[in-house]
Amino acid sequence: MPSIAALTLALSTRQLTALSPIDIVVLVLYFVLVLFIGFYVKGATKTSEEFFLAGRQMTAWIAGLSFVSANLGSLELMGWAGAAYQYGILATHWYWIGAIPAMLFLGIVMMPFYYISKTHSVPGYLKLRFGEGARGVSAVSFALMTILMSGVNMYSMALVMKVVLGWNISFSIWVGAVTVAIYVMLGGLRSAIINEVLQFVLIWAGAALIPILGLMETGGWQNLKAQIAANVGSDDYTHLWRTLGHFRENPMGVHWTGIVLGLGFVISFGYWTTDFLVVQRVLSANNLRSAKMAPIIGSMFKMAVPLIVIVPGLLALTVLRNPDGSLMHLVGEDIAAATGQHSYNEVLPLMLIRYCGPGLLGLGITALVAGFMSGMAGNVSAFSTVWTYDLYGAYMKKNAPDSHYVAMGRWSTIVGMLVSVGTAYLVAHAASIMDYVQALFSFFIAPLFGTVVLGMLWKRATGAGGFWGLLAGTMASISMWGWVKSDSSALRYIALSSDAQPMAENLYRALWSFLICVSVTWIVSMMTEPKPEKQLAGLVYGATPLPDDGAKTIWQKPIFWACVVFVIFLVLNLIFW
Amino acid sequence: MAEGTGRGERFSIWFFVGILPLLYGLILVPYGIYEAMGHEAPTALHHLHPTLWWGLLLLLFGTFYVVRFRPGKD
């Protein structure tokens with residue numbers, strides 16, 4: 001593994017381009033505006049409800065765009081473009097089956113419980129439903145995960161700036177960290193949400209030109225498919241489902257059961273319905289109908305994101321050329337550092353440079369920076385909330401004045417960013433950013449989904465069941481990860497196939513940890529005393545009269561729009577089958 | 001109240017959404033015209049003048065949102 005210094009040296013010899021003055025103006029304008037927004041909304045961020053939940057004043061569109069934008073960080077833009085180059089259109093599963101059904105489920109089934117329980121956080125819901133133990137496990141694991149994720153975003157941004165522009169890694173890390181810390185510390189969730197909406201628009205403004213020009217250059221989608229098939233020697237790269245019958249038949253080495261059950265059910269539902277980073281955006285909605293509509297609106301935009309992430313990765317398989325005109329072959333990070341070739345994660349910058357001259361290049365770089373900072377801000381604002389409400393307020397200082405918790409929220413933002421900076425330097429040693437994050441997801445998210453969904457849908461689940469189920473699922477996930485790390489042949493037992501590749505391992509590990517969590521929760525619950533039903537009001541399906549969301553016409557009903565989105569989702573999967 | 005920015009504030013969140021594309025459009029359109037006059041960067045498909053057209057699109061998008069959600073309109 002190269003040290004940070006060695007990595008920096010290796011990358012500095014192959015800087016891709018440089019910014020012109022007009023690009024710098026574009027980038028600086030963005031930084032000026034986000035800092036202005038932080039100072040501007042500071043005056044409207046005085047109570048804890050305003051700081052941590054944006055005063056619960058956001059409309060469905062704002063909450064929905066923020067919901068999807070908080071997830072559109074560095075990994076989305078860089079990692080999945082690289083994954084599309086490496087694995088083909090299969091990477092789209094992480095946007096469609098790996099997101100859309102879960103987002104709709106959140107809006108229609110789960111949001112009413114989160115919203116009417118008036119919880120400030122997902123661990124807060126677990127406290128109401130299962131008691132302190134489950135909240136403690138969830139809050140600690142979530143705080144850890146958000147800090148790690150924030151660090152991943154930070155490092156990714158620094159690496160992009162290094163590779164593309166030759167900027168010093170530490171300079172980029174600190175500029176990003178300080179900017180995000182200032183605007184989140186001043187404006188809390190409100191500031192983060194405004195910037196996320198802005199960043200979502202910017203990401204499209206900066207990145208949409210790549211697929212448009214790329215498809216014009218290749219002569220359209222059908223020609224692109226033909227060219228990819230000719231270049232890689234098969235048409236496996238452009239089919240979503242056709243190659244998933246066996247681990248050996250697709251570039252990713254996965255099976256459809258892993259995609260449908262591991263990704264489409266456990267990881268996706270876990271992430272989109274219980275990861276407080278995204279759920280927090282929806283909790284900021286101004287009424288129940290907005291809270292239900294926000295994930296549905298977010299899902300519409302989520303379905304379109306592959307255009308700016310996956311399509312550039314596929315285009316790169318045909319349009320990227322070496323100076324001598326031969327087809328460029330991208331490689332993994334380790335090989336790239338050793339040979340000087342470009343890595344998978346450089347797909348997006350390489351495509352940007354191919355099509356964008358001065359001005360547009362600045363816009364594209366600004367879009368990337370916006371995406372990275374969006375990821376950082378999302379994580380640090382969620383961390384600040386969980387730390388203040390579910391760790392500090394729950395275990396260290398109960399019943400303090402509201403202003404004390406707001407001050408703690410601001411301070412924890414700064415401390416959280418500092419820990420993230422430390423994490424960013426640690427991540428520099430990770431071989432693959434994508435695998436690292438996938439591992440994190442299955443450590444915490446999959447078992448948490450098991451606990452939350454049983455808590456919401458099964459009245460018989462008890463506090464002890466929730467706590468031990470969550471703990472057992474999380475420990476099982478970490479153990480499986482450690483097992484495969486120490487003995488790679490163990491993968492065959494976890495994925496149930498000797499042909500499985502690392503991506504399959506993540507999917508099946510999530511599935512097993514979910515099943516272990518659910519099993520332990522069920523067994524322990526059946527052995528322990530259930531809560532009286534009246535204590536479950538507002539928390540569990542069947543014990544709660546669901547309030548009317550105020551929709552009068554079919555056009556106002558969230559369920560109608562959820563059906564529309566689901567039909568589009570099905571049609572898209574059939575088109576690219 | 002301005003949508004999304006909190007009590008007592010004048011600027012709607014959608015105003016901020018418009019102002020940045022508007023500024024970018026104002027930068028890119030003149031530069032795109034300059035490029036179209038024979039100063040194109042050697043990028044793929046530069047003959048299509050992407051800077052000019054994309055700048056124009058951003059200018060229109062930004063103008064719409066800035067005018068539609070300008071402070072004091074409500």
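1. Chain B has two helices and zero strands. Helices here are DSSP runs of H or I with at least four residues, strands are E runs of at least two, and both are numbered from the N terminus. This is a predicted model: local features need pLDDT of at least 70, side-chain atom pairs count only at pLDDT 80 or more, and totals for chains, interfaces and linings use all residues. Residues are numbered from 1 along each chain as its sequence is written, while chains are lettered from A and ligands numbered from 1 in the order in which they are written.

2. Of the 74 residues in chain B, 46% are buried. Buried means 20 or more other C-beta atoms within 10 Å of the residue's own; exposed means 12 or fewer; partly exposed is in between; C-beta atoms are placed from the backbone.

3. Look at His39(B). It sits in the loop between α1 (13-36) and α2 (50-68) of chain B. His39(B) is exposed because it has 11 other C-beta atoms within 10 Å. From His39(B) to Pro50(B) is 11 residues in sequence and 13 Å in space, C-alpha to C-alpha.

4. Now chain A. It has 24 helices and zero strands. Its C-alpha atoms fill a box of roughly 75 × 55 × 55 Å along the principal axes. Buried residues make up 60% of its 577 residues.

5. How does the radius of gyration of chain A agree with a compact globule? For 577 residues, such a globule would be near 25 Å, and chain A has 23 Å, which agrees. The radius is taken over C-alpha atoms, and the globule rule is 2.2 Å times the number of residues to the power 0.38.

6. The largest nonpolar core has 228 residues. Ala84(A), Val180(A) and Leu507(A) have the most contacts inside it. The largest share of this core, 21 residues, comes from helix α9 (residues 169-207) of chain A. A nonpolar core is a set of buried Ala, Val, Leu, Ile, Met, Phe, Trp, Tyr and Cys residues joined through C-beta atoms within 7 Å.

7. Leaving aside neighbours within four places in sequence, Val180(A) is in contact with Met373(A), Met376(A), Ala377(A), Val380(A) and Met417(A). Contact means C-beta atoms, placed from the backbone, within 7 Å.

8. Where do the chains meet? In all, 36 residues of chain A are in contact with 29 residues of chain B. On the chain A side, the largest share, nine residues, comes from α2(A).

Notes: Contact = placed C-beta atoms within 7 Å.
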